[in-house]
Amino acid sequence: MAEDKIRASLLKESKASKREKHGKILSFAAIGLIVIVVVAIFIFVATRGIATFTVDKGSLWDFFTKSQWNPGATDKSGHPLIGALPMIVGSFAVTLLSAVVATPFAIAAAIYMVEISPRRGYKILQPVIELLVGIPSVVYGFVGLSLVVPFIRNHFGGTGFGILAGTMVLFVMILPTVTSMSVDALRSVPRYYREASLALGATRWQTTYKVVLRAAVPGIMTAVIFGMSRAFGEALAVQMVIGNAALLPQNLVSPASTLTSILTMGMGNSVMGSVSNNALWSLALLLLLMSLLFNILIHRISKKGALH
Amino acid sequence: MNAKRSDKIATGVLYAMSGIIVLILALLLFYILANGLPHISWHFLTAPAQSFEKGGGIGVQLFNSFYLLILSMVISTPISIWAGIYLSEYAKPNRLTNIIRTSIEILSSLPSVVVGLFGFLVFAVQAGFGFSILSGALALTVFNLPLLTRNVEDSLRSVAFTQREAGLALGLSRWETVIHVILPEALPGIITGMILSAGRVFGEAAALIYTAGQSAPTLDFTNWNPFYIASPLNPMRPAETLAVHIWKINSEGIIPDAAAVSAGASAVLIIAVLLFNILARLIGNKVYKRLTGV
């Protein structure tokens, strides 16, 4: 009998292994939840967004090429007017322009922080960049609305609302992200690259420009694309300064719109399941796919960069 | 142009461009604080907002922001810690782990407005929570989870492997080792990350306008029963936060002193974010000192 007791106690699962099992299940459940949420986001947004084309008979061609956005109404042949070209152009314009403006500044600040004066860079620029990241996007929007828009109105004409205002706001918003990722890219260039170049008699700028920057190209490109992906998805700050007119932008200071701005403005004014609501979900789907595309691009580049 | 000269010029340009960045921040902070601070008073911080008249405050919005922040942190903290533990302790380098990591990456790069719309569809409409604090907190959790999880994972990974060996050698299970040995040591990093993400959540608006809603019904601060409809603690009431309030009064512009109210509210937001940043730094430094014994 006594032997059996010992046998049973040996064969029984110990408390520790039970806890281990529970813990493992718990942690796996948590990670599973995150994956499920991601899948759910795609399924929910996609089913709503595709309904515009399957249920409401919108034409995919119109969506990308026409510029009349009035999903509640239909054209002569009975297709809803879902020309999203103005928003697509607006989104790409502010994204590309803000990246073009932000990249030189970000690279300059990164070079300053890594190559020229690491100590001062750490003391001054690092906190500056952290603060810029921390400022909420509505605050950027508010400053854009009360400072940038009047400035543009007075100096460039127009109402002040438009692509230019959106670009200026987004430039400041993505600057810290691009800078801190560029800093990481420059830091990951091995020290002996610099030493070799300096030993050849190159100046600091020659070393930076011809050696360090080129070695860091994949990292810097990742940083820029990451910044663009943030700019593309930014909603409220852009919405507050761009003017929200679903028209093709005539110039940089005419009221325009982006995917996100029409989305935030329109969602509250449409009824779930209606054509105009579904059309908005199509915009959201496009936004989602673009974010996915940026992600893939970043992956590709970092994979290629890793080969070197 | 000789090399030395171009070196000097390039250095000068780099100095100038870095200086411009510092100037931009200085201008931003100066503008917000100079315009906002004069409006901040006890009345402004506690009075309810006005819809059509001057002199409204941000009391309800401020309370909503904090309540929403706390609620979403309560939901997302345990999930992110468990998920982080899985990634750093249990995940094997295989395809499944790859899929998990990719999904977290995708989730963290999703535009917050998409997260908000998803929350609107799932929590507010399908689950029937409506525009409520609960919907908002869940949407913020979705928005917050990937970054928190990554932060927990990184903090756990930075703990020396010998600590794990020591725990296992004492006969602890893997889970017990994590909970009793690794997690306490990684805690400072985790807490710093949490506070920083709290700052992010505090200023988030795009994910909230269609989940927590854009209206702030008057609250009865004498009744704290969570089931009472006007109770501050009721999680099923619509709750406009401070960030959403700034957005709303600027895009609708019904109240006559919108500029003043949003300047004041922006200043409050900035100060809150600054405090979160400083707090994260202080705690990080303090714990670092304690750990390194300096």
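Select residues 88-298 of chain A: over this stretch the chain is 80% helix and 0% strand, and the end C-alpha atoms are 21 Å apart. Helices (H or I, at least four residues) and strands (E, at least two) are DSSP runs, numbered from the N terminus. The model is predicted: local features need pLDDT of at least 70, side-chain atom pairs count only at pLDDT 80 or more, and totals for chains, interfaces and linings use all residues. Residues are numbered from 1 along each chain as its sequence is written, while chains are lettered from A and ligands numbered from 1 in the order in which they are written.

Keep the selection on. UniProt, in an unreviewed entry, places the feature "domain: ABC transmembrane type-1" at residues 88-298 of chain A. UniProt positions are in the numbering used here, feature names are shortened, and annotations may be inferred rather than shown by experiment.

**Helices α4 and α10**

Select residues 85-116 (α4) and 217-233 (α10) of chain A, whose axes come within 9 Å and cross at roughly 140°. Axes are lines fitted to C-alpha atoms, for helices over the stretch in contact, and angles run from 0 to 180 degrees between N-to-C directions. That angle makes α4(A) oblique to α10(A) (under 35 degrees counts as roughly parallel, over 145 as roughly antiparallel, 65 to 115 as roughly perpendicular and the rest as oblique). The crossing of α4(A) and α10(A) is right-handed; a crossing is left-handed if the near helix is turned anticlockwise from the far one by less than a right angle, and right-handed if clockwise. Show side chains in the contact, including A:S98, A:A102 and A:A106 of α4(A) and A:A223, A:G227 and A:A231 of α10(A). The contact of α4(A) with α10(A) divides into eleven nonpolar, five polar and no charged residues.

**Helices α5 and α7**

Move to residues 118-134 (α5) and 163-187 (α7) of chain A, where the axes come within 9 Å and cross at roughly 130°. α5(A) and α7(A) are therefore oblique to each other, and their crossing is left-handed. A:I129, A:L132 and A:V133 of α5(A) meet A:V172, A:L175, A:P176, A:T179 and A:S180 of α7(A).

**Chain B and the interface**

Finally, show chain B, which has ten helices and zero strands. Its C-alpha trace spans about 70 × 70 × 40 Å along the principal axes of chain B. Which helix supplies the largest share of the side of chain A that touches chain B? In total, 66 residues of chain A are in contact with 67 residues of chain B, and helix α2 (residues 15-54) of chain A supplies the largest share of the chain A side, 19 residues. That side of chain A has 46 nonpolar, 15 polar and five charged residues.

Notes
Contact = placed C-beta atoms within 7 Å. Nonpolar A, V, L, I, M, F, W, Y, C, P; charged D, E, K, R; others polar.
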